[in-house]
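Biologist: Please take one part of this model and go over it closely. Then tell me about the pockets.

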Amino acid sequence: STSINNDQNTNLNLKDSAGNQLASVNIKPGTFSGLGDISFSSPSEKEASALKSSAQVVSAIVTITTTGGQQPNAPVEICFVTDSNSTKTTETKEGCKTVTTKACLASVQEGKTNWECQDDSLKETEGSQNGSLVELCGEATHFTSFGLVLSPSESSDGCESETTVYFWLSLSFLCG
């Protein structure tokens, strides 16, 4: 755990057993109303397996806690190192819809397995490229378990308007 100093930036890094960076939290001055400690932990293998089975998780999963359960009163930057190939934005056509899938900073509440996107405007840290690894950062306003999750969203390609045109053309020929 690391002590939060409300007068300066506080950075906390999580590394694997080989010393490779997995995630980091960057806290700006004034983010907390008091002093305390912040800590990172990884879920057990069983918990991680359950969390990964409920979504396409493309990073480590970390749990961020503070002494006394204190929550930030301003956004906190949370970064994950991940394979850039697994976080590329993709688009697929499904009939009249386009499904766009991209990574977002997501959280899951303790005891649950449903992920919620907190920030889908991830920023790549300058100079973070290391082979195919990249550090992607997003913001959150609370602490719980976090990871990068692929999140699909749908948009219409205007098929409804074509259907409407065909309907009116067909109607005009029938009534004609």
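Modeller: Ser24 touches Leu12, Asn13, Phe40, Glu77, Ile78, Cys79 and Glu135, leaving aside residues up to four places away in sequence. Keep in mind that this is a predicted model. Ser24 sits in strand β3. Is Ser24 buried or exposed? Its relative accessibility is 4%. The cut-off for buried is under 20%, so Ser24 counts as buried. Val81 is 57 residues from Ser24 in sequence. In space, the two are 8.8 Å apart, C-alpha to C-alpha.

Strand β3 spans residues 21-27. This strand leads us to a pocket. β3 supplies at least two residues of the lining of the second largest pocket. So do β7 (76-83) and β12 (133-140). Which strand gives the most to that lining? It is β12, with three residues. The volume of the second largest pocket is about 160 Å³. Its lining has 13 residues, and Lys28, Val76, Glu77, Gly138 and Glu139 are the closest to the centre. Glu77 is also one of the residues that Ser24 touches. By class, the lining of this second pocket holds four nonpolar, four polar and five charged residues.

Next comes the largest pocket. It holds about 370 Å³ of space. Its lining counts 22 residues. Nearest the centre lie Thr63, Gln109, Glu110, Gly111 and Ser145. How do the lining residues divide by class? Six are nonpolar, 13 are polar and three are charged.

Two elements stand out here by name. Helix α1 (45-53) and strand β6 (62-66) each supply at least two residues of the lining of the largest pocket. β6 gives the most, with four residues. How much of β6 is covered? Four of its five residues are buried, so the strand is mostly covered by the under 20% cut-off.

β6 also has a partner. Strand β4, residues 36-41, pairs with β6 in the antiparallel sense, over four bridges. Within this pair, Ser41 stands opposite Thr63 of β6. Thr63 is among the residues nearest the centre of the largest pocket.

Key: Residues numbered from 1 in each chain as written. Predicted model: local features only at pLDDT ≥ 70, side-chain atom pairs only at ≥ 80, totals over all residues. Heavy atoms only, no water. 1 Å grid on protein atoms, 1.4 Å probe; cavity = no way out; pocket = protein on both sides within 12 Å on 5 of 7 lines; lining within 4 Å. Points joined across faces, edges and corners; volume = space filled by probe spheres on them. Nonpolar A, V, L, I, M, F, W, Y, C, P; charged D, E, K, R; others polar. Buried < 20%, exposed > 50% of the residue type's maximum accessible area, 1.4 Å probe, protein only. Contact = heavy atoms within 4.5 Å. Pairing = 2+ DSSP bridges.
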